[in-house]
Amino acid sequence: MGNLTTIKEFLLLGFGSLHGLQFFLFGIFLGMYVVTLLGNLLILIVISLDRNLQTPMYFFLSNFSFLEIWYTTSIAPKMLQTLLVGPQVISFVGCVVQFYFFGSMAVAECFLLAAMSYDRYLAICSPLQYPSLMNLHMCVLLASGSWLGGFLTPVVTVAMTFQLPFCATYKIDHFFCDLAPVLKLACSDTEIVEKTTFLLASFVTMVPFLLTVASYIHIVAAVLRIPSAAGKQRAFSTCSSHLTVVTLYYGTLGTVYAIPAATQAAVLNKIFSLFYTVVTPMVNPIVYSLRNKDVQKAVRRLMSHWASAKGSSGPPPPPGSVFFSPNSLGFYEGHQALG
(Lines give C-alpha, C1' and ligand atoms only; values in the text may rest on other atoms or scores of the structure.)
Protein backbone atom coordinates (compact mmCIF):
# COMPACT_ATOMS: atom_id res chain seq x y z
CA MET A 1 0.00 0.00 0.00
CA GLY A 2 1.35 3.40 -1.02
CA ASN A 3 1.61 6.53 1.06
CA LEU A 4 -1.84 7.92 1.85
CA THR A 5 -2.40 11.60 1.31
CA THR A 6 -5.25 14.07 1.06
CA ILE A 7 -5.72 14.63 -2.64
CA LYS A 8 -6.67 18.21 -3.52
CA GLU A 9 -6.05 17.93 -7.24
CA PHE A 10 -5.26 15.48 -10.01
CA LEU A 11 -3.04 15.72 -13.07
CA LEU A 12 -4.60 14.70 -16.36
CA LEU A 13 -1.76 13.33 -18.46
CA GLY A 14 -3.76 13.52 -21.66
CA PHE A 15 -2.26 11.77 -24.68
CA GLY A 16 1.38 11.75 -23.58
CA SER A 17 4.16 12.42 -26.06
CA LEU A 18 2.74 13.01 -29.54
CA HIS A 19 6.03 13.80 -31.26
CA GLY A 20 4.95 17.18 -32.63
CA LEU A 21 1.45 16.11 -33.66
CA GLN A 22 -0.30 17.86 -30.79
CA PHE A 23 -1.12 21.04 -32.73
CA PHE A 24 -2.41 19.06 -35.70
CA LEU A 25 -4.62 16.93 -33.44
CA PHE A 26 -5.71 20.02 -31.53
CA GLY A 27 -6.97 21.55 -34.77
CA ILE A 28 -8.83 18.38 -35.74
CA PHE A 29 -10.51 17.88 -32.36
CA LEU A 30 -11.32 21.57 -32.02
CA GLY A 31 -12.98 21.40 -35.44
CA MET A 32 -14.96 18.33 -34.34
CA TYR A 33 -16.09 20.09 -31.17
CA VAL A 34 -17.20 23.18 -33.09
CA VAL A 35 -19.10 21.03 -35.61
CA THR A 36 -20.77 19.20 -32.71
CA LEU A 37 -21.90 22.44 -31.09
CA LEU A 38 -23.04 24.11 -34.32
CA GLY A 39 -24.73 20.98 -35.68
CA ASN A 40 -26.74 20.33 -32.55
CA LEU A 41 -27.57 24.02 -32.10
CA LEU A 42 -28.81 24.09 -35.71
CA ILE A 43 -31.09 21.13 -35.04
CA LEU A 44 -32.44 22.80 -31.88
CA ILE A 45 -33.11 26.07 -33.71
CA VAL A 46 -34.75 24.40 -36.73
CA ILE A 47 -37.01 22.22 -34.59
CA SER A 48 -38.05 25.13 -32.37
CA LEU A 49 -38.84 27.44 -35.31
CA ASP A 50 -40.47 25.09 -37.83
CA ARG A 51 -44.03 24.08 -36.95
CA ASN A 52 -43.87 21.13 -39.36
CA LEU A 53 -41.39 19.51 -36.98
CA GLN A 54 -43.71 19.76 -33.97
CA THR A 55 -44.01 16.00 -33.61
CA PRO A 56 -42.89 13.58 -30.87
CA MET A 57 -40.00 12.33 -33.00
CA TYR A 58 -38.46 15.79 -33.18
CA PHE A 59 -39.32 16.59 -29.58
CA PHE A 60 -37.06 13.70 -28.57
CA LEU A 61 -34.46 14.74 -31.14
CA SER A 62 -34.33 18.23 -29.63
CA ASN A 63 -33.72 16.69 -26.20
CA PHE A 64 -31.06 14.46 -27.72
CA SER A 65 -29.27 17.38 -29.39
CA PHE A 66 -29.34 19.39 -26.16
CA LEU A 67 -27.90 16.39 -24.31
CA GLU A 68 -25.13 15.92 -26.90
CA ILE A 69 -23.96 19.50 -26.42
CA TRP A 70 -23.43 18.98 -22.69
CA TYR A 71 -22.17 15.43 -23.13
CA THR A 72 -19.21 16.48 -25.26
CA THR A 73 -18.73 19.80 -23.41
CA SER A 74 -18.07 17.93 -20.17
CA ILE A 75 -14.98 16.38 -21.81
CA ALA A 76 -13.76 18.35 -24.84
CA PRO A 77 -12.48 21.64 -23.31
CA LYS A 78 -10.12 19.95 -20.85
CA MET A 79 -9.02 17.46 -23.50
CA LEU A 80 -8.17 20.31 -25.89
CA GLN A 81 -6.12 21.95 -23.13
CA THR A 82 -4.06 18.78 -22.63
CA LEU A 83 -3.37 18.69 -26.37
CA LEU A 84 -2.35 22.33 -26.58
CA VAL A 85 -0.23 22.80 -23.44
CA GLY A 86 0.34 19.29 -22.09
CA PRO A 87 -0.81 17.67 -18.81
CA GLN A 88 -3.47 19.70 -17.02
CA VAL A 89 -4.22 20.05 -13.33
CA ILE A 90 -7.84 19.48 -12.36
CA SER A 91 -9.06 20.03 -8.82
CA PHE A 92 -10.50 17.18 -6.79
CA VAL A 93 -13.94 18.80 -6.93
CA GLY A 94 -13.53 19.47 -10.65
CA CYS A 95 -12.70 15.82 -11.24
CA VAL A 96 -15.77 14.73 -9.27
CA VAL A 97 -18.00 17.13 -11.22
CA GLN A 98 -16.61 16.02 -14.59
CA PHE A 99 -16.94 12.35 -13.65
CA TYR A 100 -20.53 12.87 -12.49
CA PHE A 101 -21.78 14.93 -15.43
CA PHE A 102 -20.16 12.70 -18.02
CA GLY A 103 -21.75 9.64 -16.38
CA SER A 104 -25.10 11.44 -16.14
CA MET A 105 -25.15 12.39 -19.80
CA ALA A 106 -24.07 8.88 -20.87
CA VAL A 107 -26.88 7.23 -18.86
CA ALA A 108 -29.47 9.79 -19.99
CA GLU A 109 -28.46 9.12 -23.59
CA CYS A 110 -29.12 5.39 -23.16
CA PHE A 111 -32.60 6.09 -21.78
CA LEU A 112 -33.35 8.74 -24.40
CA LEU A 113 -32.32 6.47 -27.28
CA ALA A 114 -34.70 3.84 -25.90
CA ALA A 115 -37.51 6.41 -25.68
CA MET A 116 -36.86 7.41 -29.29
CA SER A 117 -37.03 3.79 -30.43
CA TYR A 118 -40.31 3.35 -28.53
CA ASP A 119 -41.67 6.40 -30.34
CA ARG A 120 -40.73 4.88 -33.72
CA TYR A 121 -42.26 1.56 -32.65
CA LEU A 122 -45.61 3.18 -31.90
CA ALA A 123 -45.54 5.31 -35.06
CA ILE A 124 -44.98 2.30 -37.33
CA CYS A 125 -46.69 -0.55 -35.48
CA SER A 126 -49.71 1.40 -34.15
CA PRO A 127 -50.18 4.36 -36.51
CA LEU A 128 -53.88 4.86 -35.74
CA GLN A 129 -53.37 4.93 -31.97
CA TYR A 130 -50.06 6.79 -32.19
CA PRO A 131 -51.41 10.36 -31.67
CA SER A 132 -53.33 9.33 -28.55
CA LEU A 133 -50.58 7.09 -27.13
CA MET A 134 -47.61 9.37 -27.81
CA ASN A 135 -49.23 12.61 -26.71
CA LEU A 136 -47.43 15.61 -25.25
CA HIS A 137 -47.81 14.34 -21.69
CA MET A 138 -46.22 10.99 -22.59
CA CYS A 139 -43.38 12.71 -24.47
CA VAL A 140 -42.56 14.94 -21.51
CA LEU A 141 -42.81 11.98 -19.15
CA LEU A 142 -40.37 9.86 -21.18
CA ALA A 143 -37.93 12.73 -21.70
CA SER A 144 -37.98 13.86 -18.05
CA GLY A 145 -37.62 10.24 -16.93
CA SER A 146 -34.53 9.89 -19.12
CA TRP A 147 -32.96 13.03 -17.64
CA LEU A 148 -33.87 12.08 -14.07
CA GLY A 149 -32.48 8.57 -14.50
CA GLY A 150 -29.29 10.04 -15.91
CA PHE A 151 -28.77 12.43 -13.01
CA LEU A 152 -29.55 9.89 -10.28
CA THR A 153 -27.72 6.77 -11.50
CA PRO A 154 -24.07 7.95 -11.17
CA VAL A 155 -24.53 9.25 -7.61
CA VAL A 156 -23.69 5.89 -6.00
CA THR A 157 -20.61 5.30 -8.15
CA VAL A 158 -19.32 8.83 -7.62
CA ALA A 159 -19.80 8.64 -3.85
CA MET A 160 -18.11 5.23 -3.57
CA THR A 161 -15.21 6.13 -5.88
CA PHE A 162 -14.17 9.45 -4.42
CA GLN A 163 -14.39 8.40 -0.78
CA LEU A 164 -11.59 5.89 -1.43
CA PRO A 165 -8.15 6.66 0.05
CA PHE A 166 -5.81 7.75 -2.74
CA CYS A 167 -2.05 7.27 -2.84
CA ALA A 168 0.47 10.06 -3.22
CA THR A 169 0.48 9.43 -6.97
CA TYR A 170 -2.21 11.69 -8.35
CA LYS A 171 -1.55 11.36 -12.11
CA ILE A 172 -4.55 10.20 -14.16
CA ASP A 173 -3.37 8.53 -17.34
CA HIS A 174 -6.28 9.79 -19.43
CA PHE A 175 -7.66 13.02 -20.90
CA PHE A 176 -10.64 13.09 -18.50
CA CYS A 177 -11.66 11.70 -15.11
CA ASP A 178 -12.91 8.27 -16.16
CA LEU A 179 -13.61 5.44 -13.72
CA ALA A 180 -10.81 3.00 -14.55
CA PRO A 181 -7.85 5.45 -14.41
CA VAL A 182 -9.20 7.05 -11.22
CA LEU A 183 -9.56 3.68 -9.48
CA LYS A 184 -5.94 2.89 -10.32
CA LEU A 185 -4.90 5.67 -7.92
CA ALA A 186 -6.72 4.14 -4.95
CA CYS A 187 -4.67 2.58 -2.17
CA SER A 188 -7.45 0.30 -0.93
CA ASP A 189 -9.38 -2.58 -2.45
CA THR A 190 -11.70 -1.33 -5.20
CA GLU A 191 -13.54 -4.61 -5.79
CA ILE A 192 -16.80 -3.43 -4.19
CA VAL A 193 -16.77 -0.22 -6.23
CA GLU A 194 -16.04 -2.10 -9.43
CA LYS A 195 -18.77 -4.70 -8.86
CA THR A 196 -21.35 -2.09 -7.86
CA THR A 197 -20.50 0.05 -10.88
CA PHE A 198 -20.65 -2.99 -13.15
CA LEU A 199 -24.14 -3.89 -11.91
CA LEU A 200 -25.42 -0.33 -12.28
CA ALA A 201 -23.81 0.11 -15.69
CA SER A 202 -25.19 -3.22 -16.88
CA PHE A 203 -28.70 -2.23 -15.85
CA VAL A 204 -28.72 1.29 -17.32
CA THR A 205 -27.14 0.16 -20.60
CA MET A 206 -28.53 -3.32 -21.20
CA VAL A 207 -32.17 -2.60 -20.27
CA PRO A 208 -32.50 0.39 -22.67
CA PHE A 209 -30.48 -1.49 -25.28
CA LEU A 210 -32.73 -4.57 -25.08
CA LEU A 211 -35.82 -2.36 -25.23
CA THR A 212 -34.37 -0.69 -28.32
CA VAL A 213 -33.63 -4.05 -29.93
CA ALA A 214 -37.15 -5.31 -29.10
CA SER A 215 -38.66 -2.17 -30.64
CA TYR A 216 -36.73 -2.65 -33.86
CA ILE A 217 -37.64 -6.33 -34.07
CA HIS A 218 -41.31 -5.32 -34.03
CA ILE A 219 -40.61 -2.45 -36.44
CA VAL A 220 -38.90 -4.72 -38.97
CA ALA A 221 -41.72 -7.26 -38.72
CA ALA A 222 -44.32 -4.52 -39.29
CA VAL A 223 -42.43 -2.98 -42.20
CA LEU A 224 -42.07 -6.34 -43.94
CA ARG A 225 -45.86 -6.65 -43.87
CA ILE A 226 -46.30 -3.39 -45.80
CA PRO A 227 -47.26 -4.42 -49.36
CA SER A 228 -45.75 -1.53 -51.32
CA ALA A 229 -42.04 -0.95 -51.75
CA ALA A 230 -42.58 2.81 -51.34
CA GLY A 231 -44.31 2.23 -48.01
CA LYS A 232 -41.46 0.07 -46.79
CA GLN A 233 -38.88 2.64 -47.85
CA ARG A 234 -40.80 5.45 -46.14
CA ALA A 235 -41.10 3.45 -42.93
CA PHE A 236 -37.41 2.53 -42.84
CA SER A 237 -36.40 6.12 -43.65
CA THR A 238 -38.01 7.34 -40.41
CA CYS A 239 -35.83 4.94 -38.41
CA SER A 240 -32.54 4.87 -40.30
CA SER A 241 -31.02 7.93 -38.62
CA HIS A 242 -31.90 6.72 -35.13
CA LEU A 243 -30.66 3.20 -35.87
CA THR A 244 -27.34 4.58 -37.13
CA VAL A 245 -26.88 6.66 -33.96
CA VAL A 246 -27.77 3.69 -31.72
CA THR A 247 -25.25 1.48 -33.51
CA LEU A 248 -22.48 4.07 -33.23
CA TYR A 249 -23.15 4.83 -29.58
CA TYR A 250 -23.47 1.31 -28.24
CA GLY A 251 -20.74 0.02 -30.53
CA THR A 252 -18.09 2.46 -29.27
CA LEU A 253 -19.29 2.38 -25.66
CA GLY A 254 -19.33 -1.42 -25.60
CA THR A 255 -15.85 -1.64 -27.10
CA VAL A 256 -14.40 0.34 -24.19
CA TYR A 257 -16.34 -1.04 -21.25
CA ALA A 258 -16.92 -4.64 -22.33
CA ILE A 259 -13.17 -5.28 -22.25
CA PRO A 260 -11.80 -5.70 -18.70
CA ALA A 261 -9.83 -2.65 -17.64
CA ALA A 262 -6.87 -4.75 -16.58
CA THR A 263 -6.36 -6.04 -20.13
CA GLN A 264 -6.75 -2.68 -21.86
CA ALA A 265 -3.73 -0.72 -22.95
CA ALA A 266 -4.03 2.90 -21.80
CA VAL A 267 -3.48 4.27 -25.30
CA LEU A 268 -6.15 1.95 -26.73
CA ASN A 269 -8.61 3.03 -24.05
CA LYS A 270 -7.99 6.68 -24.94
CA ILE A 271 -8.52 6.04 -28.66
CA PHE A 272 -11.82 4.26 -28.11
CA SER A 273 -12.87 6.91 -25.58
CA LEU A 274 -12.31 9.57 -28.25
CA PHE A 275 -14.92 7.90 -30.43
CA TYR A 276 -17.78 8.08 -27.95
CA THR A 277 -16.81 11.43 -26.38
CA VAL A 278 -15.84 13.43 -29.49
CA VAL A 279 -16.40 11.60 -32.78
CA THR A 280 -19.88 10.13 -32.20
CA PRO A 281 -21.41 13.40 -30.87
CA MET A 282 -20.09 15.11 -34.03
CA VAL A 283 -21.49 12.44 -36.35
CA ASN A 284 -24.97 12.41 -34.77
CA PRO A 285 -26.17 15.84 -35.99
CA ILE A 286 -24.67 15.12 -39.41
CA VAL A 287 -26.62 11.85 -39.58
CA TYR A 288 -29.85 13.51 -38.51
CA SER A 289 -29.45 16.37 -41.00
CA LEU A 290 -28.04 14.58 -44.04
CA ARG A 291 -30.28 11.49 -43.76
CA ASN A 292 -33.43 13.34 -42.72
CA LYS A 293 -35.40 15.00 -45.51
CA ASP A 294 -37.75 16.75 -43.07
CA VAL A 295 -34.84 18.55 -41.40
CA GLN A 296 -33.33 19.44 -44.78
CA LYS A 297 -36.65 20.89 -45.97
CA ALA A 298 -37.05 22.80 -42.71
CA VAL A 299 -33.58 24.33 -43.07
CA ARG A 300 -34.38 25.40 -46.64
CA ARG A 301 -37.73 26.88 -45.53
CA LEU A 302 -36.07 28.85 -42.74
CA MET A 303 -33.31 30.12 -45.02
CA SER A 304 -35.89 31.16 -47.63
CA HIS A 305 -38.03 32.77 -44.94
CA TRP A 306 -35.13 34.72 -43.45
CA ALA A 307 -33.98 35.80 -46.92
CA SER A 308 -37.45 37.08 -47.82
CA ALA A 309 -37.89 38.71 -44.40
CA LYS A 310 -34.55 40.48 -44.80
CA GLY A 311 -35.60 41.86 -48.16
CA SER A 312 -39.00 43.08 -46.94
CA SER A 313 -39.83 45.88 -44.55
CA GLY A 314 -42.44 43.96 -42.58
CA PRO A 315 -41.53 41.78 -39.61
CA PRO A 316 -41.53 37.99 -40.09
CA PRO A 317 -44.43 35.99 -38.65
CA PRO A 318 -43.75 34.62 -35.14
CA PRO A 319 -42.32 31.09 -35.17
CA GLY A 320 -44.00 28.20 -33.44
CA SER A 321 -42.60 26.46 -30.39
CA VAL A 322 -41.75 22.80 -30.45
CA PHE A 323 -42.17 22.18 -26.75
CA PHE A 324 -45.58 23.42 -25.66
CA SER A 325 -47.91 24.38 -28.47
CA PRO A 326 -51.15 26.11 -27.36
CA ASN A 327 -52.99 23.85 -29.75
CA SER A 328 -52.75 20.28 -28.51
CA LEU A 329 -53.27 19.00 -32.05
CA GLY A 330 -50.49 21.30 -33.26
CA PHE A 331 -48.02 18.89 -31.71
CA TYR A 332 -48.81 16.61 -34.64
CA GLU A 333 -48.91 19.13 -37.44
CA GLY A 334 -47.14 17.81 -40.48
CA HIS A 335 -47.14 14.24 -39.15
CA GLN A 336 -48.62 11.50 -41.28
CA ALA A 337 -49.13 7.99 -40.01
CA LEU A 338 -47.38 5.25 -41.88
CA GLY A 339 -49.54 2.72 -43.57
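**View 1. Strand 1 and strand 3 pair in the parallel sense.** Two bridges hold this pairing, and strand 3 covers residues 171-172. L12 stands opposite I172 of strand 3. The model shown here and in the other views is predicted.

**View 2. Strand 1 also runs antiparallel to strand 2.** Strand 1 spans residues 9-12 and strand 2 spans residues 88-91. Four bridges join the two. E9 has its bridge partner, S91, in strand 2. In a regular strand, side chains alternate between the two faces of the sheet.

**View 3. A nonpolar patch lies on the surface.** Its members are L30, V34, L38, L41, I45 and W306. Together they present about 530 Å² of accessible area. Helix 1, residues 22-49, supplies the largest share of the patch, with five residues.

**View 4. L30 is a patch residue in helix 1.** The relative accessible area of L30 is 33%. L30 therefore counts as partly exposed, since that class lies between the 20% limit for buried and the 50% limit for exposed residues.

View 5. Residues 136-156 are 95% helix and 0% strand. The end C-alpha atoms of that span lie 32 Å apart. Residues 198-224 are 100% helix and 0% strand. Here the end C-alpha atoms are 38 Å apart.

Notes: Residues numbered from 1 in each chain as written. Predicted model: local features only at pLDDT ≥ 70, side-chain atom pairs only at ≥ 80, totals over all residues. Heavy atoms only, no water. Patch = residues over 30% accessible without salt bridge, like charges linked within 9 Å, V, L, I, M, F, W, Y side chains within 5 Å. Areas by Shrake-Rupley, 256 points an atom, 1.4 Å probe, with all protein chains shown as cover. Salt bridge = Lys/Arg side-chain N within 4 Å of Asp/Glu carboxyl O. Buried < 20%, exposed > 50% of the residue type's maximum accessible area, 1.4 Å probe, protein only. Pairing = 2+ DSSP bridges.
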